[in-house]
Amino acid sequence: MIEFKQVQKKYPNGLVALKDINLNIEQGEYVAIIGLSGAGKSTLLRCINRMHDISEGTLTVEGVELSKLHGKGIRQLRRKIGMIFQSFNLVTRISVIKNVLVAFVPEMPFWRKILGIFTEDEKKRALMSLDKVGILDKAYVRVDQLSGGQQQRVALARTLAQNPGIILADEPVASLDPVTANQVMEDFRRINQEMNMTVIINIHHVELALTYATRVIGIRAGEIVYDGPSKDVNDQVLQLIYNGQVDKGGSDSHANEAVST
Ligand SMILES: Nc1ncnc2c1ncn2[C@@H]1O[C@H](COP(=O)(O)OP(=O)(O)OP(=O)(O)O)[C@@H](O)[C@H]1O
């Protein structure tokens, strides 16, 4: 379980990005975090794997209070939490399988890291992860020969190979066309259901959020203004989250994106 208790995040420049956040996310949930640009979505997500430190309150993951972790403790935490970015973060000039095998590097003895030697078991696990996201046939293709959607699946396979309990995804479909974005959201749903991994996604596309996630957390100016089932998100809730800027004709770029997927 992930538990935020009265969490505040203040950046060194004095900006308070999260205010009094109270939140419990159980193992196996599929959660979408929505809100206007600058509302605090990325900040919230990045506190969960200690990419950001909280300023006040307590944040625990599986009973471990994150602010008490240091060096090795933080590395262990990050092994249990996979992170996916909009930009995929892949090495595009090497093969798909080599990118997935990177997931094992933190655990490897130094000599194997230097020589780049992977065990049969690691290779098998990498291939199984690629199979899970439907791109096993691309294992030996260079990443720069894949489409954006396929590259996002490589990133997802690399995260799966790590066998995390939690996947955090920061705008994972923002650079994808609507059809591919749906496929990637469906991948997350399948992994969530079949492997009971907690999936937490920051997303601007409200329709995708409502279609795939079971729970929606709406953030406005650093505060949670909605937390509930995605099926209960109606126009009124969206106006609250988007500060009255959801306009189906669309003037705000993100709010417009949110309704026009
Ligand atoms: N490193 C930083 N230092 C100071 N302020 C920051 C920093 N990172 C983010 N902020 C500010 O914190 C607030 C929340 O930012 P955050 O990136 O969490 O928003 P977001 O909802 O994820 O936005 P977007 O949808 O545009 O990614 C914003 O006002 C932003 O300018």
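In this predicted model, a polar side-chain atom of Ser-37 lies 2.5 Å from an oxygen atom of the ligand, and this is one of the polar contacts set out below, a polar contact being a pair of N or O atoms within 3.5 Å.

| Residue | Part of the residue | Ligand atom | Distance |
|---|---|---|---|
| Ser-37 | side chain | oxygen | 2.5 Å |
| Gly-38 | backbone | oxygen | 2.8 Å |
| Tyr-11 | side chain | nitrogen | 3.4 Å |

On its own the ligand has 630 Å² of accessible area, of which the protein covers 63%; such areas come from the Shrake-Rupley method with a 1.4 Å probe. There are 13 residues around the ligand, and Ser-37, Gly-38, Lys-41, Ser-42 and Thr-43 come nearest, where a residue is counted as near if one of its heavy atoms lies within 4 Å. By class, this shell has seven polar, five nonpolar and one charged residues, with Gly counted as polar, Tyr as nonpolar and Lys as charged. Helix α1, which spans residues 41-48, gives the most to the shell, with three residues; helices here are DSSP runs of H or I with at least four residues, and strands are runs of E with at least two.

The model also has an open sheet of four strands, in the order β2-β1-β4-β5 and with antiparallel pairing, where two strands pair if DSSP finds at least two bridges between them. Its edge strands are β2 (16-25) and β5 (64-65), each of which pairs on one side only. Strand β1, residues 2-10, pairs with β2 over six bridges in the antiparallel sense, and within this pairing Val-7 has Ile-21 in β2 as its bridge partner. The two strands β1 and β2 form a hairpin with five residues between them, and Gly-14 in the turn has a positive phi of about 95°.

As for confidence, the chain has a mean pLDDT of 90, and 94% of its residues reach 70 or more, on a scale from 0 to 100 for each residue. Over residues 247-261 the pLDDT is below 50, and this stretch has 27 contacts in the model beyond near neighbours in sequence, a contact meaning heavy atoms within 4.5 Å. For the complex, the predictor gives an ipTM of 0.97 and a pTM of 0.90.

Residues are numbered from 1 along each chain as its sequence is written, and side-chain values use heavy atoms, with hydrogens and water left out. Local features need a pLDDT of at least 70 and side-chain atom pairs count only at pLDDT 80 or more, whereas totals for chains, interfaces and linings use all residues.

Key. Polar contact = N/O pair within 3.5 Å; in protein donor to acceptor, adjacent residues only side chain to side chain. pLDDT = per-residue confidence, 0-100.
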